[in-house]
Amino acid sequence: MSSARETPVRRITAPDIRARKQDDTPIVALTAYHAHTARLADDHVDMLLVGDSLGMVLYGFGSTVPVTLEQMITHGRVVASAVKRALVVVDMPFGFYEESPQQAFRNAARVLKETGAGAVKLEGGARMAETIRFLVERGVPVMAHIGLTPQSVNTLGGFFAQGREQDQWPAIEADARAVADAGAFCVVLEAIAEPLAREITAQCPIPTIGIGASPACDGQILVMEDMLGLNPNPPRFVKTYADLKGEIDRAIATYAEEVRTRRFPATEHTYGMKRRK
Ligand code: KIV
């Protein structure tokens, strides 16, 4: 009798995502930093980004600036090992790619070799185009990121929506053109006014992945902890799909109460002696 064999799951690749520009169905992406949440998301999403937002979400930093390459590699490896289907993209952290295309290649190659991820992401438009081309020509798929680029918080002076004044449009449109021409397989548009995001999405030959950039984009990404309700102060563009903060608070309060009143552990959580034969 022949047994039914499991069909191997095919990993989504950067070229698969690039090819979805013409699709009617939007690309679904989320961030992930741990194995268990990555595994849960893998059944539902096309891409998982190991974002440097982990600096703020997991490590409690005030911005993404302090994040190191080692931290990105550690979490990238964990997520890429857990996931079977989604394309795993790892963020290049601040200070590890801006100096030169060679620095970027050296560190991006480490990320791909040591994590098993399928692509890297880096922030910046026209100013990073030469680096994006250098990486792509050498076998590193690049997701670009324009609009609000959180690693530049110290020059921007805060996290502000972009393109809400018409005179800001040409520079942001030029950024989108530059990263597409350089060979990026898709581009994150962060916190960009709806009419500009719509315009860029119509003009840009690669998929746009919006975060706070309206439904006009070819796909959407959110930080998983934000959409699960774990961030006490989520940005305006976040929709919270669950109240995990409340759930966790209730669960821990109940546990504490049951320990204090000796209702936990109960008999079913307790080992007795083995019976003698
Ligand atoms: O670091 C991150 O999580 C990101 C997404 C918000 C796009 O860059």
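A pocket here is an open set of grid points, worked out over the protein atoms alone, with protein on both sides within 12 Å along at least five of seven lines. Keep in mind as you click around that this is a predicted model.

Start by selecting the ligand. The space it takes up is the largest pocket.

Now bring up the residues around the ligand: Thr-31, Leu-49, Gly-51, Asp-52, Ser-53, Asp-91, Lys-121, His-145, Ile-211 and Val-223. Color that shell by residue type and you get three nonpolar, four polar and three charged residues.

Go to Ser-53: an N or O atom of its side chain sits 2.5 Å from a ligand oxygen. Then click Lys-121, where the side chain has an N or O atom 2.9 Å from an oxygen of the ligand. Over at Asp-91, the distance from a side-chain N or O atom to a ligand oxygen is 3.1 Å. How much of the ligand does the protein bury? On its own the ligand exposes 260 Å², and the protein buries 95% of that.

Is Lys-21 buried or exposed? Its relative accessible area is 11%, and buried means under 20%, so Lys-21 counts as buried.

Definitions and conventions:
Residues are numbered from 1 along each chain as its sequence is written. This is a predicted model: local features need pLDDT of at least 70, side-chain atom pairs count only at pLDDT 80 or more; totals for chains, interfaces and linings use all residues. Side-chain values use heavy atoms; hydrogens and water are left out. A residue is near a molecule or strand if one of its heavy atoms lies within 4 Å of it. A polar contact is a pair of N or O atoms within 3.5 Å; within protein, one must be able to donate a hydrogen and the other to accept it, and residues adjacent in sequence count only if both atoms are side-chain atoms. Accessible areas come from the Shrake-Rupley method with a 1.4 Å probe; for residues, only the protein chains shown count as cover. On a 1 Å grid over the protein atoms alone, a cavity is a set of points where a 1.4 Å probe fits but cannot get out, and a pocket is an open set with protein on both sides within 12 Å along at least five of seven lines; lining residues have an atom within 4 Å of a point. A molecule sits in a cavity or pocket if more than half of its atoms lie within 2 Å of its grid points. Ala, Val, Leu, Ile, Met, Phe, Trp, Tyr, Cys and Pro count as nonpolar, Asp, Glu, Lys and Arg as charged, and the others, Gly among them, as polar. Buried means under 20% relative accessible area, exposed over 50%, partly exposed in between (1.4 Å probe, protein chains only).
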